Amino acid sequence: MGTARMGTDPARSVVNEWGRSHDVRNLFVIDGSVFVTAGAVNPTCTIQGLALHIADRIQKNLGNLFD
């Protein structure tokens, strides 16, 4: 966890709030590496929820995602 941090500042994070890479436009990282820190419990449910959320956002914005 924390190897591809999620955030709005490209200097301090690898992906944005959608899991989209700041450097590579068609690369999405949707796993535990986007977490800033590790939690105290198993993160599987959180990763699944995050994956579903990001996939839904990608689907809804597919028309203008790669402008």
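Predicted model: local features only at pLDDT ≥ 70, side-chain atom pairs only at ≥ 80, totals over all residues.
Student: Is serine 13 buried or exposed?

Tutor: Serine 13 is located in the segment before helix H1 (44–60). A residue counts as buried when its relative accessible area is under 20%. Because the value for serine 13 is 10%, the residue is buried.

Student: Which side chain makes a polar contact with the side chain of serine 13?

Tutor: Apart from neighbours within four places in sequence, serine 13 is in contact with Arg5, Met6, Gly7, Thr8 and His22. A polar atom of the serine 13 side chain lies 3.2 Å from glycine 7, but the atom on the glycine 7 side is the backbone oxygen. The side-chain partner, at 3.0 Å, is histidine 22.

Student: How far apart are the end C-alpha atoms of H1?

Tutor: H1 has 17 residues, and at 1.5 Å a residue it should span 24 Å. The distance in the model agrees with this expectation: the end C-alpha atoms are separated by 24 Å.

Student: Within what arc do the buried residues of H1 fall, seen down its axis?

Tutor: The buried residues in H1 are Leu50, Ile54 and Ile58. They line one face of the helix, because they fall within a limited arc when seen down the axis. On the other side, Cys45, Leu52, Gln59 and Lys60 are exposed.

Student: How many residues make up the largest nonpolar core?

Tutor: Leu50, Ile54 and Ile58 are among its members. Others include Ala4, Val15, Trp18 and Phe35. Isoleucine 54 touches Trp18, among other residues. The number of residues in this core is 10.

Technical notes: Residues numbered from 1 in each chain as written. Heavy atoms only, no water. Helix = DSSP H or I, 4+ residues; strand = E, 2+ residues; numbered from the N terminus. Buried < 20%, exposed > 50% of the residue type's maximum accessible area, 1.4 Å probe, protein only. Polar contact = N/O pair within 3.5 Å; in protein donor to acceptor, adjacent residues only side chain to side chain. Contact = heavy atoms within 4.5 Å. Core = buried A, V, L, I, M, F, W, Y, C linked by side-chain atoms within 4.5 Å. Expected span 1.5 Å × (residues − 1). Arc of directions from axis to C-beta.
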